[in-house]
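Here are a few exercises to work through with the model open beside you. Try each task before reading its solution.

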Amino acid sequence: MKNFVQRGEILPLTAPYDVAAGAGLLVGAIFGVATSPALSGATVEAAACGVFELAKTSAQAWTVGAKVYWDDAAKLCTTVNTSNTLIGVAVAAAANPSATGLVRLNGAF
């Protein structure tokens with residue numbers, strides 16, 4: 001297979017805003033988790049699949065299997081789909097309130 005480029009688990013992306021290592025970022029329809037800190041406009045490697053502990057809307061309770069979306073304005077995960085991008089599913093319950101939740105990224109765009 002001569003046209004294979006890479007597995008696509010880690011993607012080099014241009015940071016659309018300053019991002020910390022382990023934080024989410026959205027580039028177009030691609031969501032990833034930064035593997036290192038990056039300033040806006042810099043190239044950052046981002047994990048596009050796997051399970052991550054990510055910042056969430058504190059006042060939400062999550063159930064296992066709930067769809068999780070990225071709120072790019074707040075830079076948080078949420079279960080509210082309106083104007084947000086589907087990024088994966090919750091793989092553990094998360095209480096209300098709580099600052100983080102476990103998300104399996106869907107890897108799809």
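A salt bridge is a side-chain nitrogen of Lys or Arg within 4 Å of a carboxyl oxygen of Asp or Glu. Keep in mind that the model is predicted.

**Exercise 1. Find the salt bridge**

Task: Search the whole structure for salt bridges and say which side chains meet.

Solution: 
- Step 1. The search of the whole structure gives 1 salt bridge.
- Step 2. The partners are Arg-7 and Glu-9, whose side chains come to 2.8 Å, N to O.
- Step 3. Now look at the surroundings. Arg-7 has a relative accessible area of 68%, so this residue is exposed. Glu-9 is partly exposed, with a relative accessibility of 35%.

**Exercise 2. A buried lysine**

Task: Place Lys-56 in the chain, then work out what its side chain makes a polar contact with.

Solution: 
- Step 1. Lys-56 sits in the loop between β5 (50-55) and β6 (67-71).
- Step 2. Lys-56 is buried, yet has no salt bridge. The nearest side chain of opposite charge is that of Glu-53, 11 Å away, whereas a salt bridge requires a separation within 4 Å.
- Step 3. A polar contact does turn up: the side chain of Lys-56 pairs with the side chain of Ser-98 at 3.1 Å.
- Step 4. Leaving out residues up to four places away in sequence, Lys-56 touches several others, among them Trp-62, Leu-76, Cys-77 and Gly-101.

**Exercise 3. A tyrosine in a strand**

Task: Decide whether Tyr-69 counts as buried or exposed, and list some of the residues that Tyr-69 touches.

Solution: 
- Step 1. Tyr-69 belongs to strand β6.
- Step 2. Its relative accessibility is 11%, and so Tyr-69 counts as buried; the cut-off for that class is under 20%.
- Step 3. Not counting residues up to four places away in sequence, the contacts of Tyr-69 include Leu-76, Val-80, Asn-84 and Ile-87.

**Exercise 4. The whole chain**

Task: Compare the radius of gyration of the chain with that of a compact globule, and describe the elements of the chain.

Solution: 
- Step 1. For 109 residues, a compact globule would have a radius of gyration near 13 Å; the chain has 14 Å, which agrees.
- Step 2. The C-alpha trace spans about 45 × 35 × 25 Å along its principal axes.
- Step 3. The chain holds 0 helices and 9 strands.
- Step 4. Of the 109 residues, 33% count as buried.

Technical notes: Residues are numbered from 1 along each chain as its sequence is written. This is a predicted model: local features need pLDDT of at least 70, side-chain atom pairs count only at pLDDT 80 or more; totals for chains, interfaces and linings use all residues. Side-chain values use heavy atoms; hydrogens and water are left out. Helices (H or I, at least four residues) and strands (E, at least two) are DSSP runs, numbered from the N terminus. Buried means under 20% relative accessible area, exposed over 50%, partly exposed in between (1.4 Å probe, protein chains only). Lys and Arg count as positive and Asp and Glu as negative; His and the chain ends are not counted. A polar contact is a pair of N or O atoms within 3.5 Å; within protein, one must be able to donate a hydrogen and the other to accept it, and residues adjacent in sequence count only if both atoms are side-chain atoms. Contact means heavy atoms within 4.5 Å. The radius of gyration is taken over C-alpha atoms; the globule rule is 2.2 Å times the number of residues to the power 0.38.
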